[in-house]
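Hi,

Here is the structure I said I would pass on.

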Amino acid sequence: MKKIAIIGGGNIGGRYVESLLNSDSEYILYIVDTSTQALIALQDKFGERENVVYLSDIKELPVHLEVVAITTTSGVRREVVERLLDYVDVNYLILEKPLFCDLGDYEVIRALLEKKHVKAWVNCTRRECESYQKFKNQLKEENFEFILSGSNLGLGCNAIHYLDLICFLAGTDNLEVNVDGLYKTILDSKRKPYKEILGTITGSAGRCVHFSLTAHGRDEIPVSIMVKTPSKTFFINEARQLLSVWEDGLCASANFKLPYTSQTMGRIIGKIIETGNCQLAEYSESTVIHKVLQVPLTDFFEKMGGKKGICPIS
């Protein structure tokens, strides 16, 4: 029976657990968290199961695991990856995003993954969403603009999701980012001690000739995505699961389903076990996208009085 581990038993880790427990695959699932409270909360939620083992230390894991998902915060992720691969032989690794706070961590972990022969992906799940895969085909290799706007975006945490999506739709990782439109205000994140931002991030990526990601400070603005090509304008409302297409003055609408993490990760992990692959961005590609964003964001936080070389986003 295949052995899988989730390291980090918080909200995101819990969604992985839920998805795996609802999948049809047979496996032994190890859940690791240094917080006894987090482990108890997961046990209370999912109950006792023969194929689920709760652990408080990476050292307690078996010596070989098929797939490991690291769902910790970004500030400790490098240390967790290093400790894991020091004790355990891992075939495949899934990392949550944003990856790291320190730019130097990207190369350290790249070299470690190469040394240990571990294939890794970063969980920006829109690439695995059937609706977005079909939408990419609708763009038909045309140039496009991508406009995201709304309140409560968590722009610092979630910008990488949308940049990954833009690069996926444009078929490139040749990304340019400008953060001059950010407000000169830093907010506390719900994940302490991390931070959040408001304002606009702009740039381009290959056939995406312009994008803007805007997080408003007001609560009443719904999140919307507009994608404009020379021939059509698309409006995507992920919350309402709706795609509207305007062409020649006429509008057509269709369902646009974006499954939750708790509905997708079991399937993705099952695909990785079965085929050794999935459609998430591999670590090397995601690193390029992360760093193009993180370099100017790190400079932004430094100018706002933050710690040198650190981007406090998770």
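Predicted model: local features only at pLDDT ≥ 70, side-chain atom pairs only at ≥ 80, totals over all residues.

**Strands and their partners**

Strand β1 (residues 2-7) runs parallel to β4, and four bridges join the two. Residues are numbered from 1 along each chain as its sequence is written, and side-chain values use heavy atoms, with hydrogens and water left out.

Helices (H or I, at least four residues) and strands (E, at least two) are DSSP runs, numbered from the N terminus. Two strands count as paired if DSSP finds at least two bridges between them.

Back to β4, which covers residues 64-70. Ile6 has Ala69 of β4 as its bridge partner. Ala69 is also bridged to Ile94 in β5; β4 and β5 (residues 89-95) are parallel, with six bridges. Six of the seven residues in β4 are buried, so the strand is mostly covered; buried here means under 20% relative accessible area, exposed over 50%, and partly exposed in between (1.4 Å probe, protein chains only).

Strand β10 (residues 208-216) is another one to look at: seven of its nine residues are buried, so the rest of the structure largely encloses it. Its pairing with β7 (residues 144-151) is parallel and spans eight bridges, and Glu145 stands opposite His210 there. With β9 (residues 195-205), β10 runs antiparallel over six bridges, and Ile201 sits opposite Leu213. β9 and β10 make a hairpin with two residues between them, and Gly206 in the turn has a positive phi of about 55°.

**Cores**

I used "nonpolar core" for a set of buried Ala, Val, Leu, Ile, Met, Phe, Trp, Tyr and Cys residues joined through side-chain atoms within 4.5 Å. Which residues touch the most other members of the largest one? They are Leu61, Leu84, Leu93, Phe135, Phe146, Phe211 and Leu213, in a core of 75 residues. Helix α6 (residues 155-170) provides the largest share of this core, with eleven residues. There is also a second, separate core of 26 residues, with Phe46, Tyr92, Trp121 and Met265 among them.

Setting aside neighbours within four places in sequence, Leu213 has contacts (heavy atoms within 4.5 Å) with Phe146, Leu148, Leu155, Ala159, Tyr162, Leu163, Ile166, Gly199, Thr200 and Ile201.

**Empty space**

Rolling a probe the size of a water molecule over the atoms shows where empty space is left. The search used a 1 Å grid over the protein atoms alone: a cavity is a set of points where a 1.4 Å probe fits but cannot get out, a pocket is an open set with protein on both sides within 12 Å along at least five of seven lines, and lining residues have an atom within 4 Å of a point. Grid points are joined across faces, edges and corners, and a volume is the space filled by probe spheres set on the points.

Searching the whole structure turns up one cavity of 30 Å³ or more. The largest cavity has a volume of about 80 Å³, and its lining includes Pro98, Phe100, His290 and Cys311. α6 and α8 (283-303) each supply at least two lining residues, with the largest share, four residues, coming from α8. By class, that lining has eight nonpolar, three polar and no charged residues. For the classes, Ala, Val, Leu, Ile, Met, Phe, Trp, Tyr, Cys and Pro count as nonpolar, Asp, Glu, Lys and Arg as charged, and the others, Gly among them, as polar.

The second largest pocket has a volume of about 360 Å³. Of its 19 lining residues, Cys129, Glu130, Ser131, Lys257 and Pro259 lie nearest its centre. α5 (130-139), β14 (250-255) and α7 (261-275) each give at least two residues to the lining, and α5 gives the most, with five. This lining has eight nonpolar, six polar and five charged residues.

**Two single residues**

Ser262, in helix α7, is buried with a relative accessible area of 16%. Not counting residues up to four places away in sequence, Ser262 touches Arg15, Glu18 and Ser19.

Gln37, in helix α2 (residues 36-46), is exposed at 68% relative accessible area. Gln37 lies 28 residues from Gly9 in sequence, and their C-alpha atoms are 9.5 Å apart in space.

Cheers
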